[in-house]
Amino acid sequence: MTPFARPAGPRSLAARRAAAAEGEAVLRGVLAEDDARLLLLVPDPHARFAAVELAAPFASSVLEDGYGVCSYVFAWTPSREPLPASGVLGGYLEGFGDLRVRPDAASAIPLGDRTWAVVGDVEWPSGAAAELAPREVLRTQLAALEGLGLVPSVGIEHEVVFRDSSGVPLTAHGVDYAVGGTERLAPLLRDLRTELADAGLGVESARAECHPGQYEIVLRHRDALAACDDVLLQQLIVRRACARHAVAADYLAAPEPGQGNSGHVHLSLSAVDGSEPDLLGGFLAGVLRDARALTAVWAPTWNSYVRLRTAPFSPREVRWGYDDRTAAVRVAGGASSPRLEFRFAGADAQPHLVVAALLAAGRFGLEEGLKPPEPGVVAGSLAGSPWEALSLLERVGEVLGADVAAQLSALLGEEIDAGLDSVTDFQRLRGALRA
């Protein structure tokens with residue numbers, strides 16, 4: 001196994017650090033070669049990477065010294081405009097200074113053409129962690145869970161719609177589990193199989209999905225940081241391959257009315273001492289209790305709330321069930337090794353924040369000894385609009401911290417304002433109907 005391998009199953013933060021140390025030594029040699037390049041990546045709040053490309057021989061020194069990135073990457077809009085500078089966001093926008101990105105060599109993948117992509121951790125010039133960095137939010141929750149002697153294993157499903165240059169899906173109809181009808185996808189999928197394998201991302205399965213042009217690629221279960229990094233690295237590789245085929249990769253939560261692209265999270269727990277963790281008790285109960293309050297994490301965009309109306313497979317209703325894909329939480333796997341599939345989030349949600357929110361809510365449920373309702377019993381509903389989600393952020397502050405709640409408030413508030421500042425095809429059609 002190479003130091004860059006993604007081992008299946010759980011991995012503690014200490015084991016990840018050991019893998020990073022081993023990988024750094026190997027990566028340093030690779031990046032010292034002529035024409036080598038390092039693509040240094042930082043997950044931002046919009047489920048994408050901010051990136052800096054560094055060329056040899058300087059690239060290898062970045063492994064030791066890090067490299068700067070403008071602080072506003074954690075306080076910007078989807079169009080990369082700064083958010084209003086208030087509260088905790090002010091520190092990220094004042095002067096637009098540099099934060100230091102330190103590469104995590106355990107995340108490294110080869111991209112071909114002598115280029116390696118590495119995801120980094122971000123800190124202030126003082127050395128303190130950047131508290132709004134999604135990776136840091138997740139690491140904080142992983143450390144808290146390890147304090148209870150528990151380590152999670154996570155798998156993330158992301159669905160995508162492939163469209164041609166005219167915006168038309170590459171299949172004319174839904175092709176759920178189909179082989180026939182996917183012929184237009186074949187050249188793109190052939191390249192994707194090769195590139196994902198070459199990157200070592202560990203694909204478990206891939207299949208056509210239920211809406212026109214829709215496809216799903218699932219990576220194997222792995223430690224939570226790797227799962228979240230890797231689903232964004234997968235998107236990076238998908239988009240690069242699509243560009244060569246003149247195809248667009250559409251990760252909208254609702255690519256069309258009545259359709260949804262999911263970002264489901266499969267999660268299991270392992271106990272460090274070998275005891276049986278209470279996955280279906282306190283952990284599940286904690287997530288069910290806080291699912292509604294955390295809607296802004298699962299549904300960060302205007303479009304997210306269109307997806308939440310596409311029942312029964314994107315349910316707003318908060319309930320759980322055994323092997324029930326119409327439930328917001330599905331218990332899957334065997335009786336001896338169950339896992340929870342959380343179906344709240346769409347493909348537009350920030351994966352590090354989604355997993356951090358699940359771990360935090362579940363941990364509180366364990367600590368408080370909560371009990372879940374019986375399967376099938378409705379425990380509430382997710383917020384039905386961005387305004388409603390915005391009104392629930394006080395509890396988000398209690399679950400993920402006041403700084404994260406303030407960031408989400410600014411992001412969702414800007415999303416609402418941007419929507420209200422727009423004139424859409426929907427509005428034009430409604431106006432024409434009144435003529």
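This is a predicted model: local features need pLDDT of at least 70, side-chain atom pairs count only at pLDDT 80 or more; totals for chains, interfaces and linings use all residues.
As for cysteine pairing, the structure holds zero disulfides. C242, for one, is in no disulfide, and its nearest cysteine sulfur, on C210, sits 19 Å away. That gap rules out a pairing because a disulfide needs the two sulfur atoms within 2.5 Å. C242 itself is buried, at 1% relative accessibility. Charged pairs are another story: there are 34 salt bridges in the structure.

**Salt bridges**

- D121 and R139 pair up through their side chains, with N to O at 3.0 Å. D121 belongs to strand 6 (residues 115–123) and R139 to helix 4 (residues 134–146), so this bridge ties together parts 18 residues apart in sequence.
- D121 comes out as partly exposed, with a relative accessible area of 21%.
- E195 and R244 also meet in a salt bridge, listed at 2.0 Å from N to O. Here the link runs between distant parts of the chain, from helix 5 (residues 186–199), which holds E195, to helix 6 (residues 224–244), which holds R244, and the two are 49 residues apart.
- E195 counts as partly exposed at 22% relative accessibility.
- Shared partners join a set of bridges into one network made up of R11, R16, D104, D121, R135, E136, R139, D223 and D229.
- E256 bridges to R163, with 3.3 Å between the closest N and O atoms. E256 is in the loop between strand 10 and strand 11, while R163 is in strand 7 (residues 150–163), so to speak a link between distant parts of the chain, 93 residues apart.

**N261 and its surroundings**

- N261 lies in the loop between strand 10 (248–250) and strand 11 (265–271), and N261 is buried, with a relative accessible area of 0%.
- Leaving out residues up to four places away in sequence, N261 touches a set of residues including E159, V160, Q214, D250, Y251, R307 and G346.
- With Q214, the side chain of N261 makes a polar contact of 2.7 Å.
- S314 is 53 residues from N261 in sequence, and their C-alpha atoms are 9.2 Å apart.

**Nonpolar surface patch**

- W302, W387 and L420 make up a nonpolar patch on the surface, with about 330 Å² of accessible area together.
- W387 sits in helix 11 (residues 386–390) and is partly exposed, at 44% relative accessibility.

Technical notes
Residues are numbered from 1 along each chain as its sequence is written. Side-chain values use heavy atoms; hydrogens and water are left out. Patches are made of residues with over 30% relative accessible area and no salt bridge: like charges are joined within 9 Å, nonpolar side chains (Val, Leu, Ile, Met, Phe, Trp, Tyr) within 5 Å. Accessible areas come from the Shrake-Rupley method with a 1.4 Å probe; for residues, only the protein chains shown count as cover. A salt bridge is a side-chain nitrogen of Lys or Arg within 4 Å of a carboxyl oxygen of Asp or Glu. Helices (H or I, at least four residues) and strands (E, at least two) are DSSP runs, numbered from the N terminus. Buried means under 20% relative accessible area, exposed over 50%, partly exposed in between (1.4 Å probe, protein chains only). Contact means heavy atoms within 4.5 Å. A polar contact is a pair of N or O atoms within 3.5 Å; within protein, one must be able to donate a hydrogen and the other to accept it, and residues adjacent in sequence count only if both atoms are side-chain atoms.
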